[in-house]
Structures are given as C-alpha cells and as structure tokens.
Amino acid sequence: QQKQLEETHYELIEKNEEVLASIRYAQTIQSAMLPSFKSLQENIKNFFLIFKPKDIVSGDFYWFKKLDDGFLLAVADCTGHGVPGSMISMMGSSILDEAVLSQGLRDTGRILTYLNSKMIEGLNKRDSSSENRDGMDICLIRIIYSDTSEVGLQFSGAKRPLYLLNDSELNTIRGDRNSIAGEKHLDTDFDFSTNKSLLKAGSKLFLTSDGFVDQMGEEGKKYGTKRLKQLLGVNRSFDNIQEELEAEFTSHIGLEDQRDDVTILGIEV
C-alpha cells in the first residue's frame with residue numbers, strides 16, 4: 001500500500017507538471033496576441049499599463065490597432081479567468097482584428113456590434129438548446145488626430161465605462177448595459193452606441209476591467225469603484241499614478257488571494 005501510494009503521488013506530480021507546462025505554453029501564445037509594449041510606445045504619447053492575471057493565463061486582454069488618423073484601443077474582461085477565460089479572450093481579439101482589417105470598420109459602436117454578432121455565432125448561442133453563458137465586457141476607444149490641435153474621441157462600452165480626466169475633474173462616460181454575447185439579446189442583434197467628443201490636450205483616459213474594484217481585502221470588503229475613482233481623479237504623472245495604484249492594490253489585498261484578473265490602461269492625448 002505504501003508503494004502504491006508513492007507511485008500514485010509521483011504520477012500526480014508528473015501529470016501536474018505536464019498540465020502546468022501546457023498552460024505556460026498557452027501563456028506564450030496569449031502574450032504574442034497582446035500588443036507589444038513597443039507598438040504602444042511608438043503610437044501613444046504617454047501611457048501606463050497594469051496587467052495582473054489571476055492565474056498564468058488571463059481572461060482579461062488589451063487590444064490596439066494603429067489607424068491612418070490615430071488608433072483604436074480596448075480593454076476587455078472575459079467570462080471567468082485562467083484557461084477558459086483566455087480562450088474567450090483570444091477569440092475576442094481575433095474578431096476585433098477581423099472587424100477592422102477585413103471589414104474596414106472604424107466606428108467603435110459598429111465594431112462592438114460586429115464583435116457581439118460573431119461571438120454569439122462562434123459560441124453557438126443562437127442555438128436555443130445552448131447553455132453557454134460565456135461572453136465579455138469591454139471598453140473600446142478610438143483616438144482621431146486632425147490637422148488642428150483638436151483630438152477626436154469615440155467611445156463604446158459593453159458594461160464597462162471610460163474614465164476621462166481633464167485637469168482635476170474625473171468624468172465617467174458610461175457604456176451600454178449589454179455585454180458582448182450577453183443573455184439579453186441572443187435572438188436579436190443589438191446595436192452598440194458610439195459616444196463622440198473632442199478632447200483637450202493633456203486629457204487622460206483610463207480603461208479598466210472590474211478586477212481591481214472587485215478585489216476583496218483582509219477586512220472582507222471589495223475595494224470599490226468610488227475609491228478607484230478618487231485615485232484616478234488626482235492629476236499627476238503617469239509614473240506616480242501607476243506606482244500608487246500598484247501600492248494600493250498590494251496594501252488592500254494583504255494576505256488574501258487575488259480574486260480576478262486585473263487590468264488598468266491609462267493614456268494621455
């Protein structure tokens with residue numbers, strides 16, 4: 001019996017190592033899908049990125065596409081985390097590429113509408129017998145530069161807001177209440193709205209998943225949206241913002257386990 005237990009123990013260790021090796025390789029593939037730091041640096045004046053997967057691979061992802069007159073940028077939060085979430089994230093990133101490169105879409109609302117339709121189709125959600133509840137929430141922006149000093153902004157969100165900081169005033173621009181491939185519109189197509197505005201030079205924008213605000217602390221409470229907005233609403237350098245956010249998250253989580261993937265992407269125009 002002792003020998004059998006030892007053999008079973010080593011078999012489990014071996015199987016576990018094989019699974020971890022596969023997940024680490026999946027991380028390599030997922031990392032290749034994400035925009036490189038170099039491409040962001042070359043096209044965005046000033047930015048910071050906090051990207052903390054709960055597990056080795058992530059259900060959060062960020063996405064970037066350069067355009068002739070600016071760029072598109074997104075942060076998405078897929079159902080779940082780990083391997084299941086990462087598979088949805090790779091599907092979402094691929095469909096966003098298809099929307100822009102193959103379909104030629106530029107309006108953020110039309111891009112999310114296309115993403116929603118293809119996700120429903122890809123996950124077989126039009127089948128009434130399907131019990132698949134996977135989908136994603138996403139914040140998508142388009143920055144448009146012109147010959148003048150004005151900078152155009154398009155924003156569309158699927159259950160995710162955009163935070164906009166002008167001087168010391170933080171505004172919340174809310175997205176639509178529907179998720180991508182959400183349960184409310186499996187039988188009919190939903191048209192996502194596009195919010196258009198002009199930005200002042202030096203405006204800061206923050207795209208987030210819900211992992212930071214939903215993180216439980218040692219006192220048994222979530223961090224909360226109000227506290228995050230207070231941190232983002234102080235006008236200071238991006239280096240300082242990132243350092244304070246990282247320190248705040250570490251202080252809040254304490255000895256608790258990380259609950260979900262965490263992504264915060266800030267840019268200055």
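Predicted model: local features only at pLDDT ≥ 70, side-chain atom pairs only at ≥ 80, totals over all residues.
## Helix α6

Helix α6 runs over residues 238-253, which makes 16 residues. From its first C-alpha to its last it reaches 22 Å, close to the 22 Å expected at 1.5 Å a residue. Its buried residues are Phe238, Ile241, Leu245, Phe249, His252 and Ile253. Seen down the axis of α6, these buried residues fall within an arc of 90 degrees, so they line one face of the helix. An α-helix has 3.6 residues a turn, so residues three or four places apart point the same way.

The opposite side has its own set of residues: Asp239, Glu243, Thr250 and Ser251 are exposed on the face of α6 turned away from the buried side. After α6 comes Gly254, whose phi is positive, near 55 degrees.

## Helix α3 and Ser86

Helix α3 covers residues 82-102 and has 21 residues. It reaches 29 Å between its first and last C-alpha, close to the 30 Å expected at 1.5 Å a residue. The buried residues of α3 include the glycines Gly82, Gly85 and Gly92, the serines Ser86, Ser89 and Ser93, and also Ile88, Ile95, Leu96, Ala99 and Val100. Among the elements that cover these buried residues are the helices α1 (2-33) and α4 (108-122), together with the strands β2 (60-67), β3 and β4 (136-145). Just after α3, Gly104 takes a positive phi of about 70 degrees.

Ser86 is placed in α3. Its relative accessibility is 6%, and a residue counts as buried when that value is under 20%, so Ser86 is buried. Leaving out residues up to four places away in sequence, Ser86 touches Gln30, Val57, Ser58 and Gly59. The C-alpha atom of Ser86 is separated by 24 Å from that of Asp176, which is 90 residues apart from Ser86 along the chain.

Tyr62 belongs to strand β2 and is buried, with a relative accessible area of 8%. Not counting residues up to four places away in sequence, Tyr62 touches Leu34, Pro35, Leu40, Leu49, Phe51, Ala74, Val75 and Leu265. Leu73 is 11 residues apart from Tyr62 along the chain, and the C-alpha atoms of the two are separated by 7.5 Å.

Gly70 lies in strand β3, which spans residues 70-78. Gly70 is buried as well, with a relative accessible area of 11%. Its contacts, again without residues up to four places away in sequence, are Ile143 and Tyr145. Gly70 and Lys159 are 89 residues apart along the chain, and their C-alpha atoms are separated by 25 Å.

## Loop residues with positive phi

Most residues other than glycine have a negative phi, and most peptide bonds are trans. Lys159 has a positive phi, near 60 degrees, although it is not a glycine. Lys159 sits in the loop between β5 (151-158) and β6 (162-166). With a relative accessible area of 45%, Lys159 is partly exposed.

Asp167 also has a positive phi, near 55 degrees, in a residue other than glycine. The position of Asp167 is in the loop between β6 and β7 (169-173). Asp167 has a relative accessible area of 53%; exposed means over 50%, so Asp167 is exposed.

## The second largest pocket

The volume of the second largest pocket is about 220 Å³. Its lining is made up of 16 residues. Lys159, described above for its positive phi, is one of those that lie nearest the centre of this pocket, along with Arg160, Pro161, Tyr163 and Arg174.

Helix α5 gives the largest share of the lining, 3 residues.

Note on methods
Residues numbered from 1 in each chain as written. Heavy atoms only, no water. Helix = DSSP H or I, 4+ residues; strand = E, 2+ residues; numbered from the N terminus. Expected span 1.5 Å × (residues − 1). Buried < 20%, exposed > 50% of the residue type's maximum accessible area, 1.4 Å probe, protein only. Arc of directions from axis to C-beta. 1 Å grid on protein atoms, 1.4 Å probe; cavity = no way out; pocket = protein on both sides within 12 Å on 5 of 7 lines; lining within 4 Å. Points joined across faces, edges and corners; volume = space filled by probe spheres on them. Contact = heavy atoms within 4.5 Å.
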